[in-house]
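Here is a short briefing on one model. Look over the sequence and the fold, then read the points below.

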Amino acid sequence: MKTTVIGAFPKISDEPGGQELRQALHRQDRGELKDSELDAVYDAVTRSAIGELEAAGIDVINDGQIRWDDLLAPFATAWGGVHRGPLERFYDNNTYFRQPTIDGPITSDGKTLVKAFRLAKTIAARELKAAVAGPITFATLAIDKHYRSLEDRVLAVADAIAADVKGLGAAGAALVDVEDPGLVYEPQHIELAREAYRRIAAAGVPLAIQPYFFPADRILETLASFPVAQIGVDVRSRETTALRRLDVFKGKIVVLGAVDARNTRLESASEIGKLIDEALKLVPSDSLWVAPTTGLEYLPHDVATKKLTALAEAARGGVPA
């Protein structure tokens, strides 16, 4: 059994030096900091985040997504035919994102995340995975001034994501999370999503679909047929029957969202362990990974690290590192 993370790590903390990125962004806004200087700060904070993920005992890490302003921002900034638009609330969270605005054919050169991933590979001592935004999430949250239908929009987004996944694979990524809360928020699009994921899977890099925030109950069996290596199942954010139905995912790795990444209450290792034990009744231990439900950016920095430590301890059977 392995531990992993999903999404972004907190960028700001109250620890010494923990305000460095915020201060740098303010200085750039005032014209006091060059782009290259800000880039160096991003590199330093990324290095720190990776170090903290590894120190917490997480087996498969990401780069903390320190450069991501929100889930959709890297793609809305880099892709052709898209720009970042107005601020909107991100589902039912107390955070906001800038809506991608589509005003032409969506294109990607496949390099959107390659530079950041290559940097992370020079830093990480543990297994490193990459991540992209999900096609349903991006397409349903975007303002579309170009495509004539949701289907056209979703498949165009999927093709751009596929190009970026292929680029990440060429840079050495052996696993890519596809963060797609829109898939469980609007499960009526599940068949369209299947075609979108078929296109992304054609890039040839193993995928881990990560729907979160909302129950996947209505689409569990269909998700099991998606061309992905791993399926994330959030069993903490809301009431769900998924924990009792994990056997539908035979042949795939289940990533159990066992720590609530949107609640500051600290779970104990024994509490997390009970969820793991329930999952192990239906999933072999070599097919089970455990993780927070979503990105930890919704939490104070110190709470996020404590939750990761408890998660790693629970996965080891309650034995402290």
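Buried means under 20% relative accessible area, exposed over 50%, and partly exposed in between, with a 1.4 Å probe and protein chains only. By that rule alanine 49 is buried, with a relative accessible area of 2%. This is a predicted model: local features need pLDDT of at least 70, side-chain atom pairs count only at pLDDT 80 or more, and totals for chains, interfaces and linings use all residues. Residues are numbered from 1 along each chain as its sequence is written, and side-chain values use heavy atoms, with hydrogens and water left out.

**Alanine 49**
- Alanine 49 lies in helix α2; helices are DSSP runs of H or I, at least four residues, and strands are runs of E, at least two, numbered from the N terminus.
- Not counting residues up to four places away in sequence, alanine 49 touches Phe9 and Ile66 (contact means heavy atoms within 4.5 Å).

**Helices α2 and α4**
- The axes of α2 (residues 35–55) and α4 (residues 114–123) come within 10 Å and cross at roughly 50°; axes are lines fitted to C-alpha atoms, for helices over the stretch in contact, and angles run from 0 to 180 degrees between N-to-C directions.
- Asp39, Asp43, Thr46, Arg47 and Ile50 in α2 meet Lys115, Leu119, Ala120 and Ile123 in α4.

**Sheet**
- Three strands form an open, mixed sheet in the order β3-β4-β7; two strands pair if DSSP finds at least two bridges between them.
- β3 (80–89) and β7 (143–144) are the edge strands, each with a single partner, so one side of each has no neighbour in the sheet.
- Strand β4 (residues 96–107) and β7 run parallel, joined by two bridges.
- Threonine 101 has isoleucine 143 in β7 as its bridge partner.
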